[in-house]
Amino acid sequence: MNRTQKIQQFIEERFLVQFGGEVTADTDLFQAGVIDSFGYIQLMSFIENDFALRDTDDELLSNIFVSLTDIDAFVAGLAENHAPAGEGW
């Protein structure tokens, strides 16, 4: 399972939503009522723990990422910046 699929699976299981119909990778998850501020904190905690990203609280909370596409791109960027040379997703 790749990074995007892991994030998508977490969102689907935690917030009881299915991607593919009305909710797409580009849907604003706040506007669609999928997540709220507490859910966002849960999602960011999952990202920190599952992808072993540390010392990113300022990065995670300084910008609010509203779609699966935005969240995935953010995690990809963090992984590049925080991975040891030659590693990444």
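User: Which helix does E12 lie in?
Analyst: Keep in mind that this is a predicted model. Follow the chain to E12 and you land in a helix, namely α1.

User: Is E12 buried or exposed, and what is the nearest side chain of opposite charge?
Analyst: E12 is buried, yet it has no salt bridge. A salt bridge needs the nitrogen and the carboxyl oxygen within 4 Å. The nearest side chain of opposite charge is 13 Å away, and it belongs to R14.

User: Which backbone nitrogen lies 3.0 Å from a polar atom of the E12 side chain?
Analyst: Start with the contacts of E12, leaving aside neighbours within four places in sequence: they are V17, Q18 and F19. One of these has its backbone nitrogen 3.0 Å from a polar atom of the E12 side chain, and that residue is F19.

User: How many salt bridges does the structure hold?
Analyst: Let's go through them. D72 pairs with R3, with the closest N and O atoms 2.6 Å apart. D50 pairs with K6, where the closest N and O atoms are 4.0 Å apart. The total for the structure is 2.

User: How many residues apart are D72 and R3?
Analyst: Both D72 and R3 are buried. This pair links distant parts of the chain, with D72 in helix α4 and R3 in helix α1. Their separation is 69 residues.

User: Why does the pair of D50 and K6 tie together parts that are apart in sequence, and how many residues apart are they?
Analyst: D50 is partly exposed, with a relative accessible area of 38%. K6 is partly exposed too, at 31%. D50 sits in helix α2 and K6 in helix α1, so the pair ties together parts whose distance in sequence is 44 residues.

User: What does α2 reach from its first C-alpha to its last?
Analyst: The helix α2 has 14 residues. At 1.5 Å a residue, the expected value is 20 Å, and the model comes close to that. The reach is 20 Å.

User: At the start of α2, which residue has a side-chain oxygen within 3.2 Å of the backbone nitrogen of F38?
Analyst: Look at the start of α2 and find the backbone nitrogen of F38. The side-chain oxygen that reaches to within 3.2 Å of this nitrogen comes from D36.

User: Which residues is V34 in contact with, leaving aside its neighbours within four places in sequence?
Analyst: V34 is one of the residues that touch the most other members of the largest nonpolar core, which has 23 residues. Helices α1, α2 and α4 each supply at least two residues of this core. The contacts of V34 are I11, F15, V17, V23 and L29.

Conventions: Residues are numbered from 1 along each chain as its sequence is written. This is a predicted model: local features need pLDDT of at least 70, side-chain atom pairs count only at pLDDT 80 or more; totals for chains, interfaces and linings use all residues. Side-chain values use heavy atoms; hydrogens and water are left out. A nonpolar core is a set of buried Ala, Val, Leu, Ile, Met, Phe, Trp, Tyr and Cys residues joined through side-chain atoms within 4.5 Å. Buried means under 20% relative accessible area, exposed over 50%, partly exposed in between (1.4 Å probe, protein chains only). Helices (H or I, at least four residues) and strands (E, at least two) are DSSP runs, numbered from the N terminus. Contact means heavy atoms within 4.5 Å. Lys and Arg count as positive and Asp and Glu as negative; His and the chain ends are not counted. A polar contact is a pair of N or O atoms within 3.5 Å; within protein, one must be able to donate a hydrogen and the other to accept it, and residues adjacent in sequence count only if both atoms are side-chain atoms. The expected span of a helix is 1.5 Å times one less than its number of residues.
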